[in-house]
Structures are given as structure tokens and as C-alpha cells.
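Please consult the sequence and the structure shown here.

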Amino acid sequence: TYPLFVSEQKTTHLVFPSPVTYVDLGSAGLIAAKATGSENIVRVKAAGSGFSETNMTVLTASGKLYSFVVGYQRNPRQLGLDLGAPSAGPAQLPVLPLYVSDQKTTHLVFPYPVTYVDLGNSGILAAKATGADNIVRVKAASNHLTETNMTVLTSGGKLYMFVVNYQHDPKVLSLDLSTMASSTAQAGSGS
């Protein structure tokens, strides 16, 4: 059994070593689903602000059953877990800082086409750039952005995770992630 903390402000992603065949949520306080474009990634978050401790169970195609004790935490720091890591337990996935503004658009350039974008909350706006399937445009919805996160999956099976904060005048408006391969986790397509 693994401990897990979730929030309504951020989405946590769990990467399993084989395709997920079953997910059971202990209460209506949780929301979970497979990430679009991947059979082995489950996204989970709180349905609202606060809930009583509950559990989540996940079964994979390999027959392994994973159990989680899930609690609420407004600002969880653990936003991604690799359950196929060779260590004794799940490995925390790396998360990159990203600063966005409501006055300027930041562009993220990925080495492969983007298949999935998850926004922790509605405080950020993100979409694929028109005519470029490997570029995501990101902007704050307002200058009152509460820290959140964003997760991107590419067709190359790479998962990129960001903690997103507001900055009126961000210094980095274009970030090429093809040079940052070491800060990603491998995700299977399940096909």
C-alpha cells in the first residue's frame, strides 16, 4: 500500500509498468481516469476541496494489484509516481518549474507530437499551436493564478510534468524540451 495526497488544484499522474485494466475509487471524493493516449497512466485528483481519507486500487494487465491510501492536501508536492521504477517503491517523477503570464504566451516545444495535455485547474490556458503538433501554447487565465500543474504526454511516450506559477513578466517565453530528455518519464501506449 502506497500513500498518496491529491488536490483539486493539481492533477497527480501514476505511471504503471503495464496497461491498467481496472481502477476502483474508495469514495466520491476522488476523480480518476486513464490519460488519453496511454494505457498505463492514471490521472487522479480530488473532486473538491477536502475529503476524508480513502483508498484507490489499480489492477494492471500483468495481474499486479496496487493499493493507495489517499488523503487530501491542498498543495501536494508529489505530482507523479513511476510504479515501474526498479527501486523498492514508486519513484517520484521529475517536475519542471514553469512561469506564465496573462499578458504573454509561453511556448513549449516537444521532440514528438503532443497527444495529451492535462491542466491542474482552469487558472491556466493551454492548447497545441496551430500547424505545429509538437508545440503547446500556455498562458495564465488571469493574474490571480493559484499554483497548479500541467502534464504533457507525447507520441514518443514521454511524460513531461510542470509546476505552474504566475509571473507578470516571465523570462522564458519559449522552452525547447527536446534537450531535456533526462527530466521525463517513459510512458507506454499499451498497444
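The model is predicted: local features need pLDDT of at least 70, side-chain atom pairs count only at pLDDT 80 or more, and totals for chains, interfaces and linings use all residues. Residues are numbered from 1 along each chain as its sequence is written, and side-chain values use heavy atoms, leaving out hydrogens and water.

The structure contains five aromatic pairs. Rings of Phe, Tyr and Trp (its six-membered ring) pair if their centres lie within 6.5 Å; planes under 30 degrees apart are stacked, over 60 edge-to-face, and the rest tilted. Two of the pairs are tabulated.

| Pair | Centre distance | Plane angle | Class |
|---|---|---|---|
| Phe-51 and Tyr-72 | 6.0 Å | 80° | edge-to-face |
| Phe-110 and Tyr-160 | 5.0 Å | 65° | edge-to-face |

Phe-51 sits in the loop between strands E5 (41-46) and E6 (54-60), and Tyr-72 in strand E7 (residues 65-72), 21 residues apart. Strands (E, at least two residues) are DSSP runs numbered from the N terminus. Phe-51 is buried at 17% relative accessible area, whereas Tyr-72 is partly exposed at 22%; buried means under 20%, exposed over 50%, partly exposed in between (1.4 Å probe, protein chains only).

Phe-110, in the loop between E11 (106-109) and E12 (114-119), and Tyr-160, in E16 (residues 158-166), are 50 residues apart in sequence, so their pair ties those parts together. Both Phe-110 and Tyr-160 are buried.

Gln-167 lies in the loop between E16 and strand E17 (174-176) and is partly exposed at 29% relative accessibility. Not counting residues up to four places away in sequence, Gln-167 touches Tyr-99, Val-100 and Ser-101 (contact means heavy atoms within 4.5 Å).

Technical notes
Helices (H or I, at least four residues) and strands (E, at least two) are DSSP runs, numbered from the N terminus.
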